[in-house]
Amino acid sequence: MLEKEITREIINFLRACGCFCFKHWSGPMSRRGVSDLLGCLPGGRALAIECKRPGGRPTAEQVRFLEDIKSRGGLAFIAHSVDEVKDQLADVGIHPEQMGLF
């Protein structure tokens, strides 16, 4: 599966769970390493997800960005699939299946 397909599936899943999120597009004014998806969990906690295809690895700048978000209380991680996102959300108490979503 292509990274853009994984990203699209994750966005659709997050929105169905009540998360605010959007795809970040890099440009000349952006910071290096900013995660693919940025947003906010229900309740207000910051969210950053670096999407990778299976076997894909983050750059040092991407890892540093995720660590910056985590160190400030946000949820930040690398995801290769929607299942990994489900696991991360479950770890912070968001269970979409209990909400009747999945």
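User: Phe77 first: buried or exposed?
Analyst: Phe77 is buried, with a relative accessible area of 6%. Buried means under 20% relative accessible area, exposed over 50%, and partly exposed in between, with a 1.4 Å probe and protein chains only. This is a predicted model, where local features need pLDDT of at least 70, side-chain atom pairs count only at pLDDT 80 or more, and totals for chains, interfaces and linings use all residues. Residues are numbered from 1 along each chain as its sequence is written, and side-chain values use heavy atoms, with hydrogens and water left out.

User: Where is Phe77 found, and what is it in contact with?
Analyst: Phe77 is found in strand β4. Helices (H or I, at least four residues) and strands (E, at least two) are DSSP runs, numbered from the N terminus. Leaving aside neighbours within four places in sequence, Phe77 is in contact with Leu47, Ala48, Ile49, Glu50, Leu66, Val85 and Gln88. Contact means heavy atoms within 4.5 Å.

User: What order do the strands have in the sheet?
Analyst: The order is β1-β2-β3-β4, in an open sheet of 4 strands with mixed pairing. β1 (20-23) and β4 (75-79) are at the edges with a single partner strand each, so one side of each has no neighbour in the sheet. Neighbouring strands are turned by 15° against each other on average, direction ignored. Axes are lines fitted to C-alpha atoms, for helices over the stretch in contact, and angles run from 0 to 180 degrees between N-to-C directions.

User: Which sense does the β3 and β4 pairing have?
Analyst: Parallel: β3 (residues 46-51) and β4 pair over 5 bridges. Two strands pair if DSSP finds at least two bridges between them. Leu47 stands opposite Leu75 in β4, and Ala48 stands opposite Ala76 in β4.

User: And how many bridges join β2 to β3?
Analyst: There are 4 bridges, and these two strands run antiparallel. Cys40 stands opposite Ala46 in β3. The hairpin of β2 and β3 has 5 residues between the strands, and Gly43 there takes a positive phi near 100°.

User: Why is β3 described as largely enclosed?
Analyst: Because 5 of the 6 residues of β3 are buried, β3 is largely enclosed by the rest of the structure.

User: Which strands does α2 lie across?
Analyst: Helix α2 (residues 60-71) lies across β2 (37-40), β3 and β4, and runs at about 150° to β4. Helix α3 (residues 82-91) also packs on the sheet, touching β3 and β4, and its direction makes about 155° with that of β4.

User: Which residues of α3 are buried?
Analyst: Val82, Val85 and Leu89 are buried in α3. They lie on the same side of α3, because the arc they cover around the axis is only 55°. That arc is taken from the directions from the helix axis to the C-beta atoms. As background, an α-helix has 3.6 residues a turn, so residues three or four places apart point the same way. Asp83 and Asp91, on the other side of α3, are exposed.

User: What covers the buried residues of α3?
Analyst: The cover includes α1 (3-16), β3 and β4. After α3 comes Gly93, with a positive phi near 90°.

User: Now loops. Where is Ser35, and is it buried or exposed?
Analyst: Ser35 is in the loop between β1 and β2. Ser35 counts as buried, at 0% relative accessibility. Not counting residues up to four places away in sequence, Ser35 touches His24, Ala48, Ile49, Glu50, Phe65 and Leu66.

User: What about Ser81: where does it lie?
Analyst: Ser81 lies in the loop between β4 and α3, and is partly exposed with a relative accessible area of 26%. Leaving aside neighbours within four places in sequence, Ser81 is in contact with Ile6 and Ile10.

User: Last topic, rings. How many aromatic pairs are there?
Analyst: The count is 1 aromatic pair. Phe20 and Phe22 form it, at 6.0 Å centre to centre with 55° between the planes, which is tilted. Rings of Phe, Tyr and Trp (its six-membered ring) pair if their centres lie within 6.5 Å; planes under 30 degrees apart count as stacked, over 60 as edge-to-face and the rest as tilted. Phe20 counts as exposed at 53% relative accessibility, and Phe22 is partly exposed at 35% relative accessible area.

User: What lies over the face of Trp25?
Analyst: Lys23 does, at 4.8 Å from the ring centre. A charge sits over a ring if NZ of Lys or CZ of Arg is within 6 Å of the ring centre and within 35 degrees of the ring normal.
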